[in-house]
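The following exercises concern the interfaces between chains of a protein model. Each task is followed by a solution that goes step by step.

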Amino acid sequence: MPPAAPVQYLPATGVFSATWLLVLFPLIGAAVLLLGGRYTNKWGPYLGVLTPCLSFVFALFLWMAMIGRSGDSREISSTLWTWIPVNGFHVDVGYLIDPLSMTFVLLITGVGGLIHIYSLGYMAHDERIRLFFGYMNLFVASMLILVLANDYLVLYVGWEGVGLASYLLISFWYFKPEAATAGKKAFVMNRVGDVGLSLAIMTMFWAFGQTNFAAVFGGIGGAGSGVALALTLLLLLGACGKSGQFPLQAWLPDAMTGPTPVSALIHAATMVTAGVYLIARSATIYNASQDGRTAVLLVGAITLMIGAIIGCAYDDIKKVLAYSTVSQIGYMVLATGLGTAGYALGIAHLLSHGFFKSTMFLSAGSVMEGMEDTTDMRRFGALTKAMSVTHITFLCGYLAIIGIPPFSGFWTKDAIIEAAWDKGGTSGTLLAITGIVGAGFTAFYMTRLMSMTFWSKSRWRETFRPHDAPKVMLVPMGILAAGALCVGGILVIGRLLQNWLVPSVGEYTEGVRAVNPWLMSTITLIVVLFGVAGGVQGFVRRPVPTTAPVPVSPLVMAARHDLYDNAFNEAVLMRPGQWATRVLVFFDNRGVDGLVNGLAAFIGGTSGALRKLQTGFVRSYAVGILGGAVVALGALLLLRAA
Amino acid sequence: MNPANYLLLSGVLFTIGTVGVLLRRNAIVVFMSVELMLNAVNLSLVTFSRLKGTLDGQVIAFFVMVVAAAEVVVGLAIIVTIFRTRRSASVDDANLLKY
Amino acid sequence: MISHLASASSTAVAAGDIKLPSISYSALSPILVVFGVACLGVLLEGFLPSRLRPQVQPVVAVLGFAAALGCVVSLAGTHELTAANAVAIDGPALFIEGTLVLFGMVSVLMFAERKADPDGGALVADAASLPGQGTHRLAARNSQTEAYPLMVFAVAGMMLFAAADNLLVMFVALEILSLPLYLLSGLARRRRLLSQEAALKYFLLGAFSSAFFLYGIAMLYGYSGTVSLQGIAVSSGLLGKTDFFLYLGLGLLGIGLLFKIGAVPFHAWTPDVYQGAPTPVTAFMSAATKIAAFGALLRVLYVSFAPTQWDWRPVVWLFAILTMVVGAIVAITQRDVKRLLAYSTIAHSGFILVGVAAATQNGISSSIFYLLAYGFTSLGAFAVVMLVRSGDGEANDLGQWQGLARRSPLLAGTFAFLLFALAGIPLTSGFTGKFVVFSAAIGGNATFLVVVALVTSAIAAFFYVKIVVLMFFQEPRAEGPVVVRGSVLTYAAVGVGIAVTLMLGIYPQPVLDLAREAAQFGFVS
Amino acid sequence: MTTVLAQGITHTTGWESAIFYVLGTIAVLAALGLVLARSAIHCALMLVVVQFCLAVFYFVQDAPFLGAVQIIVYAGAIMVLFLFVIMLIGIDSSDSLVEVLRGQRVAAVVLGFGFAGLIVFPTGSAIAGTTAVGLDSANGVGNVQGIARLLFTNYVFAFEIVSALLIIAAVGAMVLGHRERAPRPTQRELSEQRIAGEHPSAWTGPGVYADHDAVDSPALLPDGSPTRASLPENMSQDDIIDVIERVGIEK
């Protein structure tokens with residue numbers, strides 16, 4: 001690996017010198033709404049919607065301006081003020097706006113703006129709607145800080161900010177006990193990731209004396225491979241925490257107890273993809289460490305399988321979507337692990353995922369609103385007519401995620417699978433197969449979801465009066481659904497996005513063994529169709545029981561009754577599937593949860609035990625002092641002797 | 001005899017003082033144990049003064065006595081106050097604050 | 001060598017008049033002003049009618065602190081030893097003196113709060129009377145105004161403690177700062193038994209630890225023949241057979257200092273005393289005692305023991321790790337908000353010890369910056385605690401804080417912000433402080449310590465956030481707390497805490513520059 | 001001058017050695033007595049013994065001024081203050097022999113030996129063959145003059161600020177000791193308060209019905225046992241249970 005050339009960013013001129021306005025709008029919104037108290041109750045929500053939209057309009061201006069520049073002058077950076085000057089080293093608060101961050105800014109403000117509008121309808125009856133918009137604005141501002149930062153430490157500020165906002169929003173309905181628990185779990189797991197990121201920053205400081213992108217990327221070539229590996233692993237740990245990747249994925253499904261717009265914006269479209277952003281942003285570091293990339297590949301592949309398999313097991317519509325998110329982010333992470341061949345593909349899938357998953361979440365929210373906040377799919381069914389618009393938008397998202405040509409998922413997911421295959425060697429083959437099998441599972445659980453919700457027979461209570469949501473919700477859903485259908489194709493055909501991102505993540509490289517893309521796509525498509533068939537067979541043709549069959553998971557139940565009749569299939573396909581699902585669900589619920597809870601219990605227990613040492617007796621305290629004295633003197637005398 | 005042997009005696013007295021603080025329950029006796037520790041320190045200071053041939057040690061010991069006098073006034077006042085409300089001077093009885 | 005010189009100087013007294021050493025009163029002016037104000041306060045106690053004292057005493061104290069601050073500012077850049085090398089007026093000393101004076105001002109505001117408690121003030125009216133006796137009721141609306149001069153004396157002692165260049169002066173200063181604190185701890189208006197118990201515990205353990213400190217002085221005198229910090233530094237360069245006394249002295253001296261800092265395992269008094277003492281006093285202790293004690297620790301370690309730093313650094317490591325871990329972990333299961341903040345200060349002491357362990361100039365500047373930042377946050381947090389009350393006195397049980405945001409969102413938000421600062425979330429002074437301290441430690445090759453510190457910060461963040469959740473995401477209890485309307489004084493204290501915390505989080509450069517300039521020439525030597 | 005420095009003391013005189021061993025033994029025994037004696041008075045007396053022994057050592061070690069101060073101030077004034085307080089709070093208060101804190105004694109003894117080991121043994125080896133410079137030259141013009149000279153030169157600042165400590169001590173003692181006297185109510189006022197106050201009936205006299213006039217204190221039957229019938233009917237069940245546990249009424 002030749003040492004990277006010193007990284008230079010252009011100074012900000014013209015409209016770019018006002019980039020900070022992007023952050024300022026939602027920040028003002030958050031400040032006014034959170035500090036203004038009940039005086040803002042009346043007009044507060046409208047202000048909350050206005051600010052991300054303003055940012056979006058401004059972002060469009062910036063985008064135009066950036067397109068107007070030549071390819072090599074699109075990386076613009078500027079310093080606002082010096083934040084921490086210390087020890088001959090200083091952290092500047094500044095921003096970097098380049099094609100990568102521009103892309104994210106458009107996604108965050110665009111999708112974010114639509115979801116804000118949707119929330120006006122969804123949260124209309126909540127008496128704390130002002131607070132909700134305050135938190136949402138806080139989130140948008142923090143997320144923009146995260147993607148616009150030109151320094152890892154400033155990025156960390158945004159990173160913590162989105163974590164805080166996410167936490168506040170998960171627990172928004174704090175009176176539900178599961179909301180409080182979910183918030184706690186999200187917090188604990190995110191802290192693990194945060195420790196990773198903060199250690200990475202400390203490592204950068206130690207190795208380069210600086211933490212801004214230019215210095216780190218410029219210095220990484222000269223630093224040893226050990227530093228690069230450490231950085232890649234620590235950054236990956238941070239990404240795992242934020243993006244719900246193995247082994248820190250368990251918080252994301254629980255986070256669905258928050259309001260649905262939150263699930264759509266934060267836990268599907270934007271925040272959880274921050275991990276992918278982090279890896280893509282640190283492309284220079286990952287390029288310097290083969291082992292680091294391998295770790296990323298491994299995490300991505302494991303996560304995409306885990307997410308897809310567990311997605312088959314849940315009956316809660318939002319949890320299925322959540323595991324689907326985990327799985328889809330696994331695809332993105334896998335793509336970034338492929339190095340220069342994959343960064344742009346990962347981002348492309350991220351964008352199309354942002355559209356189709358938020359479409360599906362918003363549609364799910366619409367379904368829930370019609371069904372008195374029920375999330376159990378076993379209580380749905382036959383909603384096609386009652387919710388015709390919602391059905392159509394959901395269908396768009398469905399077609400996009402399972403990858404039916406010519407919709408988004410087909411282009412972006414297949415591109416990742418092909419790139420994995422192109423990596424070559426056994427590992428490339430295995431990764432591609434993982435991706436294809438994952439696609440099959442995706443098709444199965446999404447078909448299952450659609451069947452149980454819309455296509456099967458009605459199982460809802462008589463009191464329910466399903467109806468489509470009001471227009472203020474339907475319009476954003478429609479716009480996003482349209483995006484979900486076509487954004488993937490637009491981005492990937494003609495390598496539009498790949499060329500656009502060249503300044504940020506480097507030149508796109510071809511893999512070693514090209515395979516006819518149509519062959520690959522056909523194989524994938526066949527597997528996907530198998531999955532769809534399985535879903536249709538299990539959940540449209542057969543009546544769906546209103547309670548989950550025990551003790552096996554629905555996938556196994558379906559498989560046992562319908563899919564595989566003969567013993568061979570049972571032995572070869574079903575048993576392992578059954579086993580895998582059971583084990584994974586078990587580990588997800590008990591294992592990782594258990595680990596987190598165990599850790600918390602361990603610390604709590606230690607705390608309880610240490611606390612007992614504080615007996616309240618002066619004489620016990622004196623024992624502590626004398627004991628400490630003996631230790632201190634003993635240690636000093638030992639060191640003297642040494 | 002080595003003139004520095006006083007230091008050994010001082011160390012022993014200091015240690016006995018610390019053990020007294022750990023063992024006694026009557027706040028006044030605990031405080032007297034602390035005074036014993038201060039006395040031991042003074043013995044060290046005077047001895048070092050002689051070993052070094054400078055009077056600084058004696059001056060410091062003098063200051064220790066002055067400071068100890070002030071400390072005794074405050075300490076006994078606190079002990080008397082707490083005795084008046086609790087009717088007990090046992091340090092073990094004062095353990096409402098814990099954990 | 002030095003001992004011979006010293007002995008020569010003191011043996012050459014056979015003839016001639018005694019010449020007073022030159023004392024630079026201008027360099028000492030901040031300390032002397034504060035001492036003077038304390039004496040003035042005592043006189044006012046004697047001559048003012050009791051009706052006027054509660055109004056006059058705080059004004060006098062604040063004006064005195066302001067005057068002292070003016071002296072500190074005018075002394076900026078001074079770098080000298082004065083009064084026969086008894087006091088060193090240098091960058092760190094002036095920085096700490098200035099900070100202490102500011103802490104003193106904010107604390108006086110809290111001392112003077114008389115509206116929060118219906119009976120008037122957090123301090124008892126008559127410490128000597130027993131609850132239930134007639135006098136108690138009669139004097140209920142007054143408060144013990146002697147607290148002001150005592151507190152000003154404590155500030156003076158602290159200023160001197162951090163500037164003392166001679167172990168004897170340091171010891172006297174230690175007592176000057178400790179005795180008033182022992183007394184003040186016992187003056188809470190409510191829960192008299194707890195308050196008196198706090199005073200007793202603080203006093204007994206404080207006396208115990210200062211005996212160790214004193215024994216350390218004796219040993220260092222025995223090693224080097226002098227108690228001046230430079231003298232010890234010079235002789236510790238030439239280690240000989242009796243260097244045993246040097247190490248023993250360092251260890252024993254350290255015990256006394258670590259006790260004041262609240263480092264584990266010398267910390268046990270902290271939670272009890274912080275809980276029992278009147279809240280303004282607790283706030284004052286948590287901010288001011290800490291910076292004074294760290295100032296003295298830094299001075300002793302960096303001036304006298306610079307030559308032996310490779311021997312003491314591992315020991316500081318050990319205590320830093322113990323302090324961080326125990327402070328953070330035990331805090332998790334606390335149920336009393338003052339106790340919880342006490343454990344939080346213990347954990348913070350550990351973080352500052354990380355900076356001390358750096359043993360570089362950046363170690364000085366980052367530690368004093370952290371102390372300043374932490375002090376204001378802590379003062380603000382305790383000021384909030386003063387305002388949340390239930391029927392009789394402060395509602396300190398965390399259960400009573402449940403759902404506070406429903407009753408008083410602004411106060412809950414304020415407290416949440418301060419807690420985030422304590423947790424070290426970015427854009428607060430807590431983050432900046434941790435960052436500079438940890439980077440100094442990395443610069444001083446203490447990377448492992450920084451890793452431990454990061455992990456413990458992650459654990460510690462948990463209980464801060466737990467309180468935030470408690471306040472924001474839980475329903476208030478029926479018998480929940482009442483947020484009282486305090487006087488403008490307490491609001492001012494909270495406001496100052498918030499403002500400084502935010503300012504140092506977003507734009508810390510001026511103060512960081514100040515700390516760096518203060519530490520630039522290090523300590524006088 | 002140089003000869004003084006070169007000389008030094010390697011061995012003490014026989015007299016001094018004898019004094020050291022005899023009084024040293026007594027001092028250690030008295031110190032142990034301080035730790036072990038049950039009565040606080042005995043402890044104080046033991047401490048006085050230690051202080052007298054130390055005073056003698058000061059005299060022997062060329063510190064006559066300190067020796068005198070030790071006896072006058074320490075063994076005199078300070079210890080009298082201690083004794084005074086012991087008398088004030090009850091001379092009969094003696095520690096019980098039972099240790100309530102588990103492991104406290106073991107910990108104290110083990111740590112005590114550990115601490116002593118860390119101090120005494122290395123000191124012993126560090127001082128082997130030490131030469132004392134001696135104070136003959138320093139005390140040349142007299143011990144008191146020598147100390148005074150140091151006090152007013154090198155230590156003048158410490159000397160000045162110690163005054164603050166004395167002020168603090170005085171103020172502190174006053175804060176904790178001084179009580180604002182309320183005017184005592186006259187007998188007439190007391191009786192009016194008792195009879196014509198807001199109470200529906202006269203207050204019970206002391207020792208008649210209950211040992212307390214709180215509502216949850218049951219009255220006493222003629223045989224001295226408390227009766228539940230005297231408790232107000234509207235007390236909650238929990239409170240009644242509390243009272244029962246506290247005073248032991250049956251049923």
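**Exercise 1.** How many salt bridges are there between chain D and chain C?

*Solution.* The structure is a predicted model, in which local features need pLDDT of at least 70 and side-chain atom pairs count only at pLDDT 80 or more, whereas totals for chains, interfaces and linings use all residues. Residues are numbered from 1 along each chain as its sequence is written, chains are lettered from A and ligands numbered from 1 in the order in which they are written, and side-chain values use heavy atoms, with hydrogens and water left out.

Step 1. Apply the criterion for a salt bridge: a side-chain nitrogen of Lys or Arg within 4 Å of a carboxyl oxygen of Asp or Glu.

Step 2. Between chain D and chain C the count is zero.

**Exercise 2.** Describe the area buried between chain D and chain C, and the side that chain D contributes.

*Solution.* Step 1. Buried area is the accessible area (1.4 Å probe) that two parts lose on being put together, summed over both. For chain D and chain C the value is about 3900 Å², with 78% from carbon and sulfur atoms.

Step 1. On the side of chain D, the greatest losses of area to chain C fall on R149(D), F157(D) and I168(D), together 19% of what that side buries.

Step 2. Counting contacts (heavy atoms within 4.5 Å), one finds 41 residues of chain D touching 53 residues of chain C.

**Exercise 3.** Characterise the interface of chain B and chain D.

*Solution.* Step 1. Here 66 residues of chain B are in contact with 87 residues of chain D. The two chains bury about 6900 Å² between them, and carbon and sulfur atoms account for 74% of it.

Step 1. In chain B, the residues that lose the most area to chain D are M1(B), R50(B) and M65(B), together 11% of what that side buries.

Step 2. Under the salt-bridge rule, one such pair spans this interface. R50(B) is paired with E16(D), and their closest N and O atoms are 2.8 Å apart.

Step 3. At least two residues each come from α1 (5–23), α2 (27–52) and α3 (56–86) of chain B. The largest share, 22 residues, belongs to α3(B).

Note on methods. Helix = DSSP H or I, 4+ residues; strand = E, 2+ residues; numbered from the N terminus.
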